[in-house]
Amino acid sequence: DLIARIIAQTCRQSGLSAVYNELFDFCGNEIYVQSVPALTGRTFGEALLGLEGSSLLGIAPRGGAPLLNPPMDTIIGPDDRLIVLAEDDDTTVATAGPAPVVEGDAIRTPEPVAAPPERTLILGWNWRAAAIVAEMDRYVAPGSEVTVVTDLDRVPGEIARLERQLRHARVALRQGDTTDRDVLNALGIERYDHVIILCSDDANDPQQADARTLVTLLHLRDIAERCGHPFSIVTEMLDIRNRELAEVARADDYIVSDRLVSLVLAQISEDKTLNAVFEDLLDPDGSEVYLKPAGDYVQLGQPVNYATVVAAARARGEVAMGYKRQARAADASARYGVTLNPPKSQRVTLDTQDRIIVLAEE
């Protein structure tokens, strides 16, 4: 269920896998649940700018369920713990003195735009695939389409059962070997917005499954270059070493299933409260992680402090977690352009293709 939710969200937002990898990993920024007495009595919206070296994400009331991105006027009580994003559990300290000045003239307010139907291509099938499609159905607009390509005999029956629970998307099945270049050429891949490559669960071992995935990925990259059509590719892999092999050529979104599950279990083993936090984070009915155009928040091409980004997100009922620089998207040493939890006083100049990473309901 965890992997299905992450793949469903990541396929629609390029770069999201790098965000989740840092959130769940023990390197860089992690999520902590802890008391910050200095913020007691403030509203959640006020407290967003009250931590210089940490990012406030939500509130964990004593005896109640954790809540990410609560209403901005929620008062932080004396028994409440806070859900924060920080480099370590001892770095969450309330800002001494006045908060950084918000540069109000740089804040932008975009016009709302209705989400269009989406076309998604799924290459391969495994025991998680039906759950992935069901999760995607909760996010996409009515009229969206999902095309599945696989040569497994059992899939038609599974899709027939799946279609009865879908509300927004319809599923089409095409029989074929996803490593066959002729099969891929016949799909008209340039018509799709998103592509997901799933590891087959009929392989004899993980290396064999990843090998088939890599062949499919290499074909896709070549087709994308030839047709000149950009689309996001999310690739599920079983071995972290094969992800590193694939990234030699290009950095896409990769989900290393077993590793992510292990990381989440390790995080929860240190603080069982995180189980409910992660459930809320990945639940479509609450606030989830989104990467939204930077130009919808602040003026592009001019330096602003990060506090202004936080204030711009707050005005929309969202919590800013960081930003993604598209110019560094292929740089593994720069975490693929993703910067989580920058200091509020840090100045940054954002461009057209850059994204603000936020917790939001949509």
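The following dialogue concerns how to read selected features of a predicted model.

Colleague: On what basis are the values in this model given, and how are residues numbered?

Modeller: The model is predicted, so to speak of local features requires pLDDT of at least 70 and side-chain atom pairs count only at pLDDT 80 or more, while totals for chains, interfaces and linings use all residues. Residues are numbered from 1 along each chain as its sequence is written, and side-chain values use heavy atoms, with hydrogens and water left out.

Colleague: Which residues have the most contacts inside the largest nonpolar core?

Modeller: A nonpolar core is a set of buried Ala, Val, Leu, Ile, Met, Phe, Trp, Tyr and Cys residues joined through side-chain atoms within 4.5 Å. Buried means under 20% relative accessible area, exposed over 50%, and partly exposed in between, with a 1.4 Å probe and protein chains only. Here the largest nonpolar core has 93 residues, and those with the most contacts inside it are Tyr-20, Leu-23, Phe-24, Ile-31, Leu-57, Val-289 and Met-321. Another core, of 18 residues, lies apart from it and includes Leu-121, Ile-189, Tyr-192 and Ala-224.

Colleague: How many residues of helix α2 are buried?

Modeller: Helices (H or I, at least four residues) and strands (E, at least two) are DSSP runs, numbered from the N terminus. In helix α2 (residues 16-24), nine of the nine residues are buried, so the helix is largely enclosed by the rest of the structure. Among these buried residues are Tyr-20, Leu-23 and Phe-24, together with Ser-17, Asn-21 and Glu-22.

Colleague: What covers the buried residues of helix α4?

Modeller: Seven of the nine residues of α4 (residues 129-137) are buried, so this helix too is largely enclosed by the rest of the structure. The buried set consists of Ala-129, Ile-132, Val-133, Ala-134, Glu-135, Met-136 and Asp-137. Their cover includes α1 (2-10), β5 (119-123), β6 (144-150), α5 (155-163), β7 (169-175) and β8 (194-197), where contact means heavy atoms within 4.5 Å.

Colleague: How is the crossing of α9 and α10 to be read?

Modeller: Axes are lines fitted to C-alpha atoms, for helices over the stretch in contact, and angles run from 0 to 180 degrees between N-to-C directions. Angles under 35 degrees count as roughly parallel, over 145 as roughly antiparallel, 65 to 115 as roughly perpendicular and the rest as oblique. The axes of α9 (residues 257-270) and α10 (residues 273-281) come within 7 Å and cross at roughly 135°, which makes α9 oblique to α10. Val-264, Gln-267 and Ile-268 of α9 meet Leu-274, Asn-275 and Phe-278 of α10.

Colleague: Which strands stand at the edges of the open sheet of four strands?

Modeller: Strands of a sheet pair through backbone hydrogen bonds, either parallel or antiparallel. Two strands pair if DSSP finds at least two bridges between them. The open sheet of four strands has the order β1-β4-β2-β3, with antiparallel pairing. β1 (30-34) and β3 (67-68) are at the edges, each with a single partner strand, so one side of each is left without a neighbour in the sheet. Strands β2 (residues 55-60) and β4 (residues 81-86) run antiparallel and are joined by five bridges; Gly-58 has Ile-83 of β4 as its bridge partner.

Colleague: How many bridges join β11 to β16?

Modeller: Six bridges join these antiparallel strands, and Leu-291 is partnered with Ile-357 of β16. Strand β11 (residues 288-293) is mostly covered, with five of its six residues buried.

Colleague: Where are Arg-335 and Asn-341, and what is the phi of each?

Modeller: Most residues other than glycine have a negative phi, and most peptide bonds are trans. Arg-335, in the loop between β13 (319-324) and β14 (338-340), has a positive phi near 55°. Asn-341, in the loop between β14 and β15 (347-348), has a positive phi of about 55°. Arg-335 is partly exposed, with a relative accessible area of 33%, whereas Asn-341 counts as buried at 7%.

Colleague: Which residues does Arg-212 touch beyond its sequence neighbours?

Modeller: Not counting residues up to four places away in sequence, Arg-212 touches Asp-151, Asp-177, Thr-178 and Thr-179. Arg-212 belongs to helix α7 (residues 206-227) and is partly exposed at 30% relative accessibility. The C-alpha atoms of Arg-212 and Thr-178 are separated by 8.3 Å, although the two residues are 34 residues apart along the chain.
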